[in-house]
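Here is a short report on aromatic rings and the side chains around them. Look at the model first, then read on.

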Amino acid sequence: MSQFIVPAGSAVTLGFQADPIACQTSLAYVVQDYAGVEEASGNAKCRSGNTVELSVKLHRGYHEIRYPALNSTFGVIALDQVNEPVGAFFGIDAAFSYLELAADKRAQFVGQLKRLGIVSVRDRISWNELQPDQEAWNGSGRHQFDDLRKLYARQGIKVLDVLQGLPVDPPGYFPSSDASVSMISQVATRWGAVWNGVEVANEPDHNRVYDKLTVSEQDVYQRQYADYASLASRGIKDVAPTVPIVGGAFAFALSGDKMDSSRFADGVAAAGLTRSVDAISFHTYVDPRTLHRDIGSYREWLRRSGAPDMPLWITEAGWPWKRGPGRPPLDQDQASALQIAGKAVVAYGMGIERYYPFVYPYYEEKEKNFGMTGKERTPLRSLAAYEQAAKTLSGSRAISSVGHLFEDGVGALFKTPNGAVLVIYQNASRSTHPWLRVPFPVTKCEGIDGRDLKVVDDRVPLSDGLVYIWISDADISKASEMLERTR
């Protein structure tokens, strides 16, 4: 699987295992780019052992290799440099503990992450499956928690683990004594070295218990959650003092929407949550402009709660497609890519500390599909778009705050190790604003996946919905003024 992350501009040979009958004839293939435009076509070579070999040289960006007669499609990401680490902000919610149980496929997935340069993943541990008295720690069990974390460690990948469920059956909603969470120190001893964070619960404000409680019962629940977070924090810090403890993850924003976490957030803050954790996390499945609003609402809540400088982490940020196919249709694939990468840009520009898009493997949830790779485990457009954001913005600082453009767009200006870049996001207005005129020279323009785009008469194409406009340092002030005028 890792072969589908390739160096741009270099000749590579991709290998596929095919049905014996298919290999009796030549296999026609088509290579398409991010926009679905054909780049190349021909016939692949069949070798011994029913192996199909395809030699390609791909420019930077996303590509799809299609075998029409077999109805098979594979995604490929071409990078200027593979195995180049990106910044710690750019994590991925891998969820391999539950969504990829085969050890060999896990190893190959982690190989993909290594070639992409991803150094942080989010994963999950269930309390009721841990058995510290057994040497394997369920390493040979169905979810193989221990083996997976050893794999992460060998590849230099840190893990934000979510402690799901409860360590014991408490008399209330959460454990309420040191004895009830005594196992957490053993967990931290076992895995603390690979952790770069621990969320003590997942969406405690939205689950089968909390959603059915009365108002008075919710008040008790909130206090018990804050106490549990404090107990878990002390147990982990005793063994792994540098591991951040993360409160949350809140399921919703604090902006007065129909689904809103404000009451829960105020309750746990009053019960002392912000005094026992190092960061607050929340989840977002909205568009980038709405995320801009929601980050502001969380910052205001932290200010009211007496913790204005506490870091914010976004530990799930997704955009699904309609359930059914192993790979989404072009328009839905592009929509997922635009929203995931656009939110990464907004979050980075607004000072969010960590960002984990949901989710790396193919995943079916009710009527929706999520995934940054297809069911066959090769890249989708969302992975390429996210990788472009990570490669571009790693090591950069925001020069200008996020500014609004048109009726549904945002932009931000960054100073990177490679120069200044203006990142523009547009959604529905692409139909009415297919381009943007910029009042300064453009040294380079890149699409959402990193491919080169042409700028004609100072007009930057917005067809991808997300565009990277590289400018000289001398024009930084002009770009800042453009954003300020459109706030």
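This is a predicted model. Lysine 444 lies over the face of tryptophan 470. Arginine 459 does likewise over tryptophan 435. The table gives the distances.

| Side chain | Ring below | Distance from the ring centre |
|---|---|---|
| Lysine 444 | Tryptophan 470 | 5.0 Å |
| Arginine 459 | Tryptophan 435 | 4.7 Å |

**Rings paired with rings**

The count of aromatic pairs comes to 36. Take phenylalanine 358 and tyrosine 363: their ring centres are 5.9 Å apart and their planes meet at 85°, so this pair is edge-to-face. The cut-off for that label is an angle over 60 degrees. Tyrosine 363 has 23%, so it counts as partly exposed. Buried means under 20%.

Ring pairs also build a cluster. Its members are Tyr173, Phe174, Tyr210, Tyr221, Tyr225, Tyr228, Phe250, Phe264, Phe282, Tyr298 and Trp301.

**Lysine 391**

Now turn to another lysine. Where does lysine 391 lie? It is part of helix H10, which covers residues 381-393. A polar atom of its side chain lies 3.5 Å from the backbone oxygen of leucine 116. Leaving aside residues up to four places away in sequence, lysine 391 touches Arg60, Leu79, Gln81, Glu84, Val86 and Leu116.

How values were computed. Residues are numbered from 1 along each chain as its sequence is written. This is a predicted model: local features need pLDDT of at least 70, side-chain atom pairs count only at pLDDT 80 or more; totals for chains, interfaces and linings use all residues. Side-chain values use heavy atoms; hydrogens and water are left out. Rings of Phe, Tyr and Trp (its six-membered ring) pair if their centres lie within 6.5 Å; planes under 30 degrees apart count as stacked, over 60 as edge-to-face and the rest as tilted. Buried means under 20% relative accessible area, exposed over 50%, partly exposed in between (1.4 Å probe, protein chains only). A charge sits over a ring if NZ of Lys or CZ of Arg is within 6 Å of the ring centre and within 35 degrees of the ring normal. Helices (H or I, at least four residues) and strands (E, at least two) are DSSP runs, numbered from the N terminus. A polar contact is a pair of N or O atoms within 3.5 Å; within protein, one must be able to donate a hydrogen and the other to accept it, and residues adjacent in sequence count only if both atoms are side-chain atoms. Contact means heavy atoms within 4.5 Å.
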